[in-house]
Amino acid sequence: MASIIPSGQSNELLYAIAAILVGSAIITYLLKFVNLDLKPFLSTKQGKALQDISSYLYERFLKALSVSDPLSPPSSPSTIVSRGYLETLPRRTGPRPIITGVSHPRQITHLSPEEKQVPDRLRQLISEVSARYPSTTYLGRSTFESIPSSPTTLYARHRIFNETRYYGEILRADGLDGSIQCTLHPSDVKMVIEKGWGQRHPLSARLASWVVRLSGQSLAAPTPSSQVLLYAPRDQADLDVLGQVVNAAVWWVGGIDARLDDEAF
């Protein structure tokens, strides 16, 4: 199939993207060696306006690099030889909620759970994983903050697979909308999407993930092809299914198979 973009324009576009990426990398590393306190300026009206503009431009830049179709399952890299964890999942009932945002995606519909205890049960479900496997997992500091909007985070103490070696975060449950960001085997990502339980993280494209890590905006940058956004649970039935997905994430990042109930994986 012939390219829609002429070869000359295509080369110019590649050069422009490369220049932006290289320039961003140089600025990022230079700032590490410059002892410049910008807090007084950023606290002013002009500084806040500049921050807002910079955040908007950065978000638009990431949008251009983000996954074009979050409901299209990723292809499994040839370097991954293992199977996924999930054998099957029931199909989620009802329409998919609406997700907005790129660097920090948010669920903006279906926010009120049918059972009021669901948010607390979700936090308990994640906390029980850490209590069950203390040698290989631990809860993030934000989990213990008294602020209701604080996320519940779970980390792996060890990296098991090469594909997740640099990524210690297993999952992050948002305290505001109840959605869950987690890292799964690409085959499990495919099943989650096809059964309607979630969609790909906007920054799960390889180039977007690399830019986020390079900019230092997130220490736990999305792993290419493995990062998925799970929709907020509505009731106990949803929690039961998401519990299976949480086990799949713990297996993929932390190396613990809940079916064996053993930390020596």
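# Close-up views of a predicted model

**View 1. Strand 4 is largely enclosed by the rest of the structure, because five of its five residues (152–156) are buried.** Buried means under 20% relative accessible area, exposed over 50%, and partly exposed in between (1.4 Å probe, protein chains only). Strands (E, at least two residues) and helices (H or I, at least four) are DSSP runs, numbered from the N terminus. This is a predicted model: local features need pLDDT of at least 70, side-chain atom pairs count only at pLDDT 80 or more, and totals for chains, interfaces and linings use all residues. Residues are numbered from 1 along each chain as its sequence is written, and side-chain values use heavy atoms, with hydrogens and water left out. In a regular strand the side chains alternate between the two faces of the sheet. Strand 4 is covered on both faces, with Thr152, Leu154 and Ala156 buried on one side and Thr153 and Tyr155 buried on the other.

**View 2. Strand 4 pairs in the antiparallel sense with strand 3 (residues 137–139) over three bridges.** Two strands pair if DSSP finds at least two bridges between them. Leu139 has Leu154 of strand 4 as its bridge partner. Strand 4 also pairs with strand 5 (residues 169–173), again in the antiparallel sense, over four bridges. There, Tyr155 stands opposite Glu169 of strand 5.

**View 3. Thr153 is a residue of strand 4.** Thr153 counts as buried because its relative accessibility is 2%. Neighbours within four places in sequence left aside, the residues in contact with Thr153 include Tyr138, Leu139, Arg141, Glu169 and Leu171. Contact means heavy atoms within 4.5 Å.

**View 4. The axes of helix 4 (residues 118–132) and helix 7 come within 11 Å and cross at roughly 25°.** Axes are lines fitted to C-alpha atoms, for helices over the stretch in contact, and angles run from 0 to 180 degrees between N-to-C directions. Helix 4 and helix 7 are therefore roughly parallel to each other; angles under 35 degrees count as roughly parallel. Helix 4 contributes Val118, Arg121, Leu122, Leu125 and Val129 to the contact, and helix 7 contributes Gln236, Leu239, Gly243, Val246 and Val250.

**View 5. Helix 5 (residues 186–194) has Pro186, Asp188, Val189, Met191, Val192 and Ile193 buried.** Among the elements that cover these buried residues are strand 7 (198–200), strand 8 (227–230) and helix 7 (236–254). Just after helix 5, Gly196 takes a positive phi of about 85°.

Technical notes:
Angles under 35 degrees count as roughly parallel, over 145 as roughly antiparallel, 65 to 115 as roughly perpendicular and the rest as oblique.
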